[in-house]
Amino acid sequence: MSKSKFLSDTLAVTINEFRVLRRNRTAILLSLVVIPFFFTAALGVGSGGAGTSYSVTAKIPIAFIDDDQTVASGRVYAILARSGDFHQLIQGYREDNAIATLGTGKIYAVIVIPKGFQDRLLNDQVGHITVYVDDSVADLGSAIQGNLLKNLQDFNPRLEVQPVRVGVSSPIEIVARGVKFSGFDVGLTVILGLVIIFATFYEIAGGISRESEEGTYARLAVSPIGLGAIMAGKTFYDLGLNAVRALIVCALAVYGYGARPNTDLLTIVGLSLLMALLTMGFGFIISALGLGVRAVIIVEFFLVLFLFAFSGFIIDRELLTGFSKTISYSLPWAYGIEVIRRAVLIGQPLWTMANQLMFVVVSTVVFYGIAYFVLKISRERLVI
Amino acid sequence: MKELVRDSFAVTVKELKELSRDPVSLALTIMFPILLISIFVVISQAFGASSYNIPVVVADLDGSSVSKVLLDKLTTSPLIRVNQFVQTDEQAVQAVQSGMATGAVIIPKGFGQALLSSGHTYVILQTDNSKLTAPLLVNAALSSSIQAMLDEATQTGYTGALSGFKAAPVDVIIRPISGRPPSGDPFLPGMLGMITILGAFDDIVNAITRERERGTFPRLVLTPINIFSVYMGKMSSTVVINAVRTTLMLIIFALSGLVIRGNIIFIYLTTSLIAVFTLSLGLVISSRVRSSSTLTILEIALTFPLFQLSGAVSSAETLAPEGRALAYSLPWTYGNDAIRRIIYLGVGFNAIAVDILVLLLSSLVLLPIATLLAKRTM
């Protein structure tokens, strides 16, 4: 096949794909609006934008029981009330009543300063504070504990004005280095990866399965257009969609939620397209198996969940052990996500991650090769 | 009324019969919760492990006997694995930047001398902050190693300047009212809620859109059975299937050691209402979205935001203000809240009455809308 025929066939398939998309309003809505917007907005409203900070415990009603009734316990209350982490400290409860109220939704925790708190501190002993917590609220206990320790780590019962230095109570200070960024920026890398993988797989594997069910794929397969041109045409079409999707996610994250990526837009879009190509390769393999649309969607759901657990989306690969770790290190998506994260969050140049990028590229080529081989066999069967 | 009940029952039996004849859907109904929960068990185990092997490099620029003690503590930390000792600060930073290590501990020159003479010094910790949790664990490993070193030093009288040192003036003791460990099973009750939502969405795909695609839905509607009975029948079959899924999940909970403190009947009641609400919403959506694959993909697209916003993973109370407002406007949040409180706190009906009411009212509002829309688009 001549190069120009391959290119013109590829272009024809690409144009056809866009034409089909243009005629399907639901597909446009899902592909370019629902998926990128839902995912990014859910992250933004759930955990706050990059420029905003909020304390998990700030607006949660918490009873404060002072059994010590000393200057020290009074200062603890004052520090907490002023801290910004505890805006709804409620005094006046009796300890047993407060604990009995937990679980009703009126208060979610009870901070108890026990009798003898000041005496212990003045005798250079550690003062204990007990917190009863409604643990039906996920992770509330650790959030309250963290904020109490943060605000009281330099507490001195003898001083009315508490020291302002934070985190240096130990004689050996830990000087933390490394690029800092907001939780939203971290979430952005997760969302970008999820949106790309989720939508791409559906568009390629689901698209071909749907065409197979409708009978249009068989017609396309027996047309003079080569298999390579069909795959290339669908690839270019989906790359175009993914570029738009990556831009939508980035625009929403940057302008809507104040994200500050440490790399340029071109790199982000380029890496997104690399992930899309990898997923497309896998999508072609799945579509070559001749599964129905429903089966493809089920495979997609489990693929995304699988990647969620093993590809470093929410768990660092270093934390996995045994077989989980082996799975994680054999998944090419994990390397792609690592590259996206390092580039977007810490601005690491791409050339320093050549090994990871090479792994992704080689996996993509292998996926495309397998898919081409299997699709070719099924096409020959169709022709025969 | 008698006719409504009889017709609904007939549709329920038909739905269950169809499911039993479709091995793929039947297997999915069973496998779906098992696979989903398996993934989250992996996640829970990763976060709850007592030891890790996070790679760390160390640059001991001091080389004193004091820094050796710190090195000894670092190498025995259960959280990290010191996989290389480097000679310079730059090499340590390079190891982190290249991804070879997640953290680098740099002990500066004069570390031991400063500690012994002034009682105050520092170490540098360079971490790869592009990781989510590993940098925090490296920091925790370094802090605990420093603490262990100081404890040893003060016990042996090794450093006079450090005697009487106290790490923190105040200790906070957390007592969860359920009595379970603070870190135990944070995801499981939320997963029951999510599986109920996803399962019900899948049921609606099976129940309406696929029937439309096969052309059997118009035939069903043209029978003397009232459309309301059709919907009630489909809903009843979902409630039965949901009960099977809930039972399966409760068995998994029991096997994983999760203690259910509340009445199991309330769990079934709550999951049934979550399923009915989801189904009502699905009926409304399916009156517009006709393709089963589009509806399924929409369902999956909704899943991930719902993990964040419906209280499945994080409770609504701990979300940012906008997220909290949005979460409280979703009836699923009330369902997940009720499940969590039944399982963890063992609360009775009075405590979950509001949650139940919200789910019930939401379904009652949506169901007539779905019926109306279905009639219009028939």
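Figure 1. In strand E4 of chain B, Ile124(B) is the bridge partner of Val175(A). The model shown here and in the other views is a predicted one. A second pair in E4(B) is formed by Gln126(B), the bridge partner of Arg177(A). The strand of chain A involved is E5, residues 172–177, which pairs with E4(B) in the parallel sense over six bridges.

**Figure 2. The sheet that holds strands of both chains.** Five strands form an open sheet in the order E5(A)-E4(B)-E3(B)-E1(B)-E2(B), and the pairing is mixed. E5 of chain A and strand E2 (80–86) of chain B are the edge strands; each has a single partner strand, so one side of each is left without a neighbour in the sheet. On average, and with direction ignored, neighbouring strands of this sheet are turned by 25° against each other.

**Figure 3. Helices packed on the sheet.** Helix H3 of chain B, residues 65–75, packs on the sheet and touches E1, E2 and strand E3 (103–107) of chain B. The direction of H3 makes about 170° with that of E1(B). Helix H5 of chain B, residues 111–118, also packs on the sheet, touching E3 and E4 of chain B together with E5 of chain A. For H5, the angle with the direction of E4(B) is about 140°.

**Figure 4. Strand E3 of chain B and its partner strands.** E3(B) pairs with E1(B) in the parallel sense over five bridges, and with E4(B) in the antiparallel sense over four bridges. On the E4(B) side, Val105(B) stands opposite Leu125(B).

**Figure 5. Burial of strand E3 of chain B.** Five of the five residues of E3(B) are buried. In a regular strand the side chains alternate between the two faces of the sheet. In E3(B), Gly103(B), Val105(B) and Ile107(B) lie on one side, Ala104(B) and Ile106(B) lie on the other, and both faces are covered.

**Figure 6. Val105(B) and the nonpolar core.** With neighbours within four places in sequence left aside, Val105(B) is in contact with Val56(B), Val58(B), Leu74(B), Val123(B), Leu125(B) and Leu142(B). The largest nonpolar core has 213 residues, and those touching the most other members are Ala109(A), Val110(A), Leu194(A), Val195(A), Phe284(A), Ala104(B) and Val105(B). Helix H7 of chain A, residues 183–214, gives the largest share of this core, 17 residues.

**Figure 7. The side of chain B that touches chain A.** Contacts link 84 residues of chain B with 86 residues of chain A. Elements of chain B that each supply at least two residues to this side include helix H2 (23–48), strand E1 (54–60), strand E4 (121–127), helix H6 (134–156) and helix H11 (292–309). H11(B) supplies the largest share, 12 residues. By type, the residues on this side of chain B are 51 nonpolar, 23 polar and 10 charged.

**Figure 8. The two domains of chain B.** The domain assignment gives domain 1 of chain B as 2–45 + 180–376 and domain 2 as 50–162. The C-alpha centres of domain 1 and domain 2 of chain B are 50 Å apart.

Note on methods: Residues numbered from 1 in each chain as written. Chains lettered and ligands numbered in written order. Predicted model: local features only at pLDDT ≥ 70, side-chain atom pairs only at ≥ 80, totals over all residues. Domains from an automatic or database assignment. Contact = placed C-beta atoms within 7 Å. Nonpolar A, V, L, I, M, F, W, Y, C, P; charged D, E, K, R; others polar. Pairing = 2+ DSSP bridges. Axes fitted to C-alpha atoms, helices over the stretch in contact; angles between N-to-C directions. Core = buried A, V, L, I, M, F, W, Y, C linked by C-beta atoms within 7 Å. Buried ≥ 20, exposed ≤ 12 C-beta atoms within 10 Å, placed from the backbone.
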